Amino acid sequence: MMKIKCLKACTCALAIVMMAGAVTVARADAAPSASATELRDAAAKAPTTATLANGDPGGALTGTVSDVPVADTKAGITLADVANQVGQNKIAVNFTWTLICGFLVMFMQAGFAMVEAGLCRVKNSNHTYMMNFFVYGCGLFAYWIIGFAIQMGGAAGNGNLGGLQSLATEHAITLFGTHWGIFGENGMFLAKHTYDVGAMVIFLFEMVFMDTALTIVTGACAERWKFLAFAISSVLMGAFTYPLFGNWAWGGGWLAQLGTNVGLGKGYCDFAGSGVVHAVGGLSALAVALIVGPRIGKFNRDGSSNAIIGHDISAVMIGCFILAFGWFGFNPGSTLGASAAGCLRIGSIAVNTMLAGCTGTFGAICYMWALKGKPDASMAGNGLLAGLVAITAPSGFVNTTGSAIIGLVAGVLVCLSCVFVENYLKVDDPVGAISVHGACGLWGVISVGLFADGTSNYGGSWNGVTGSVTGLFYGDASQLVAQLIGCATLIGFVFTFSFVLNWIIDIIVGQRVSIETEIAGLDLPEMGQLGYPEFVFAPEPDFMRAAEKAAVA
Amino acid sequence: MAATKSQGKSFTLFMVGLTAACAGIAYFTTGVGKVALLIGLVAVAISLFEFFKIKPLEGRTGAGAQPAALKLAGVVVVLLGWVVVLLGLHLTAGVGGRMVMSIIGIAISLGGIFFLLAPASSKNAIWKA
């Protein structure tokens, strides 16, 4: 809270300095000598090095006109020097904000690792932790060599980060006389013109988002996914699957152009990634889980399912809190700055994020408690995450009432979806990733088209369309259509692309470990080391032993 | 089979090949770029061949063999739903019409997942045996 207050104070101060600078520049046209004199006076009154050598316990002497770099020491400080410093300060604030938020999102990997490993059996803990660990490297490397270029190679124009003009080449096709962006072309290896300070910042921020999507899949396929297949699948997802949709939504691609090209609201709007990150991850998880198949013992011969209990609920709960903490980087950080038009909405975005997580938890706990008799811990955690996933897309466009409703719906939806995925689709998802990220990610995308209240104004336009993002409940039905087209693309294209890609991997590499490996636990055969070598494993339940016996036979 | 040295070597070759291929694309206008692309693609192809060669060593898995034709039909239907939505953008200019087409498209795609791909993936599941 103090940090947010301090940040607000700094941003306000900066805005005042910028306004003062603008006024001074305007005055300079009329009376340059007067302004120049004022600056020289201020420089003359600045504390000397001898004064500063005595220390500055009150902080009043540090940070004065003498700290403004001067281009020509003979001429002394000029208005141009001050204006340049104001510009540098604005970009510096935005860089710092975006980077720190990116660091928070990176830390979410630890939360995912704890949640997923905690929900798996102890004999697979090392393997699950290792997947969550290695997916970071796989994704980062793939994104560096090509993924970033595909996603953001044509995303120039963000003034918050200095314009990003080195990312200005979008490959487009022309259909029915309209240009539609398909993929970016600049930025492979961050070489050539993208060896640029702004490009580095946006790379780091987008990269950690991408890695979040990748790590979702590891949860749905835990306890039977061959490590080799996982590694190849993750590299290809980081290189192609995620960046393609990321470009269409955030990189100036055709979904973002739905507003300018065919008049659908402000185009597809996904503030921080319910669709781009979570639905892509959740639907890819569904695709891979369909191919990998359920764990031995998950389903009985009559089609009924068994609960396979995870080994560490404390890790799950702590992991959920780490994720909730990291989400404050995810959503408020997506302003890509704290010092620009509309960026002071970061407080509102942060509160929306908290609220949706809260009501999501309530939704899941109340649903489970009322219908099953117990406030199930793992579903409570999933409820928190469901609310956070759902608010990710609308967080920058809705008010607190909207965010509370979105989170509450997500909390109930995740419970219903888990039952549907397990009992009707017969898909085994040990951590509920398909429901949390896939179903609630899609809900988040749709909710923008319903709840966006038309008060957000990030520089006067969004996706090149003048005005604020406004949903159906506030008078713009066309925004909902844009969101539905985004959902259709996620289900129709992203899911299909992931399914085909992983089907090919299954044919060439094989996605699943052998029956013997699965029964023994993946830690020793796949990783060469038990997660908890000093543990004495409790015997498997009867249904599991019977299923294992049948599988071997 | 579990993890082996062969897997590790092939994966390393795959990553080197992919990196070289991407470097080749990035610098395709130069002669070195074209050579890098060629070398990268060859390396990726060799690694895929190696993956395929060692795949049988894994032995029997718990996934079971699933009908490819049904899976393919599912993939086509899911994709078809998306195409319907895209066509809907150009067939009608009204918000209501586009919304209806979008919902129809999503329903087709979901139908492909729920009624074709999911049953295909569990048709010969070992838990049914």
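Analyst: Two residues are in contact if their C-beta atoms, placed from the backbone, lie within 7 Å. In chain B, 60% of the contacts with a separation of 6 or more join residues 24 or more positions apart. This is a predicted model, in which local features need pLDDT of at least 70, side-chain atom pairs count only at pLDDT 80 or more, and totals for chains, interfaces and linings use all residues. Residues are numbered from 1 along each chain as its sequence is written, and chains are lettered from A and ligands numbered from 1 in the order in which they are written.

User: What makes up the secondary structure of chain B?

Analyst: Helices (H or I, at least four residues) and strands (E, at least two) are DSSP runs, numbered from the N terminus. Chain B has four helices and zero strands, in the pattern α-α-α-α.

User: How do you know that the span of helix α3 of chain B agrees with its number of residues?

Analyst: The expected span is 1.5 Å times one less than the number of residues. The 24 residues of α3 (residues 68-91) should therefore span 34 Å, and the end C-alpha atoms are 34 Å apart, which agrees.

User: Which residues of α3(B) are called buried?

Analyst: A residue is buried if 20 or more other C-beta atoms lie within 10 Å of its own. Among those in α3(B) are B:Gly74, B:Trp82 and B:Leu89. The buried residues of α3(B) pack against α8 (258-262) and α15 (477-508) of chain A together with α4 (95-122) of chain B. Buried residues make up 41% of the 129 residues in chain B.

Conventions: A residue is buried if 20 or more other C-beta atoms lie within 10 Å of its own, exposed if 12 or fewer, and partly exposed in between; C-beta atoms are placed from the backbone.
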